[in-house]
Amino acid sequence: MAQRAGVKIQCRGISKSFTAQKDVLHVLEDVSLAVYENEFLVILGPGQGGKTTLLNIIGGLLMPDAGDVLLDGKPIEGPGPDRGIVFQQYALFPWKTVEENVAFALTMAGVQKGERMAAAHHYIDLVGLKGFEKAYPAQLSGGMKQRVGIARAYTANPEILLMDEPFGALDAQTRYAMEKDILSIWQKELRTVVFVTNNIEEAIYLGDRVVVMSAMPGKVKSSYVIDTPRPRNYTDPKFLEIRKMISNDTDLVL
């Protein structure tokens, strides 16, 4: 597990509601949790349980109705370059090549072409897409598109990566390969990661710690330190023991 050098993100009493056709949906209720520096934290819970809303609040894309989020002890008041987001959908520009998509944030920041392309190519190599720099999204598989999204998030050099069920749309084999790859990348280039999923096996395989949330309104039910060494094996008795323990504590339909 990543060393707990200090708290990087602190969520304090987060609540959030939305109004839909005059009905009020209470999505999050009094959510408090800490994320440690360089920790790979997984937030696990059922669909429509507020996980994405919480991630968007940490990312500064939404503001809570109550409570606050601190980053290095300072309130988050909006988006910032210190947080990169990998969405469920690929969110790539179809008219841009792989290298142009990956370098987009640096282009917008006015970084000179040589420097931004060097950075883009470094992360394209890191996610296993060397040779596809000039390809367009339409020429890529789903897994390759998500690799582009991950490379783009890393290229902006954020301190924190927020990942919203990034492998949910992939087939099982590609998903497992992506899980292995994202861990390899994280271990090479340590960042604080907050990863949202509704898949128990994925949560245990990836996480230093798994925070279990309830169905809507989302609340923190419990937190589990996953102290088995990596790489983890889905069929290992310890893995299965942790899976059973967490399964008994979730609102997921299994």
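Residues are counted from 1 along each chain as its sequence is written, and side-chain values rest on heavy atoms, with hydrogens and water left out. Because the model is predicted, local features need pLDDT of at least 70 and side-chain atom pairs count only at pLDDT 80 or more, while totals for chains, interfaces and linings use all residues.

View 1. Let's start with Ile160, which is found in strand 7 (residues 160–164); strands here are DSSP runs of E with at least two residues, helices are runs of H or I with at least four, and both are numbered from the N terminus. Ile160 is buried, at a relative accessible area of 0% (buried means under 20%, exposed over 50%, and partly exposed in between, using a 1.4 Å probe and protein chains only). Setting aside neighbours within four places in sequence, Ile160 is in contact with Lys8, Ile9, Leu71, Asp82, Arg83, Gly84 and Thr192, where contact means heavy atoms within 4.5 Å. Look also for Gly59: its C-alpha atom is 9.3 Å from that of Ile160, although the two are 101 residues apart along the chain.

**View 2. The salt bridge between Lys8 and Asp72.** Lys8, one of the contacts of Ile160, pairs with Asp72 at 3.0 Å, N to O. Lys8 belongs to strand 1 (residues 7–20) and Asp72 to the loop between strand 4 (66–71) and strand 5 (74–75), so this pair ties together parts that are 64 residues apart in sequence. A salt bridge here is a side-chain nitrogen of Lys or Arg within 4 Å of a carboxyl oxygen of Asp or Glu, and the structure holds 14 of them. Lys8 is buried at 8% relative accessibility, whereas Asp72 is partly exposed at 43%. Glu159 joins Lys8 and Asp72 in a network of salt bridges.

**View 3. Lys16 meets Asp65.** The closest N and O atoms of this salt bridge are 3.6 Å apart. Asp65 sits in the loop between helix 1 (51–58) and strand 4, and Lys16 in strand 1, so the pair ties together parts that are 49 residues apart in sequence. Lys16 is buried, with 12% relative accessibility.

**View 4. Asp208 and Arg230, a pair of loop residues.** Their salt bridge has its closest N and O atoms 3.1 Å apart. Asp208 lies between helix 7 (200–206) and strand 9 (209–213), and Arg230 between strand 10 (220–225) and helix 8 (237–247), so the pair ties together parts that are 22 residues apart in sequence. Asp208 is buried at 0% relative accessible area, while Arg230 is partly exposed at 23%.
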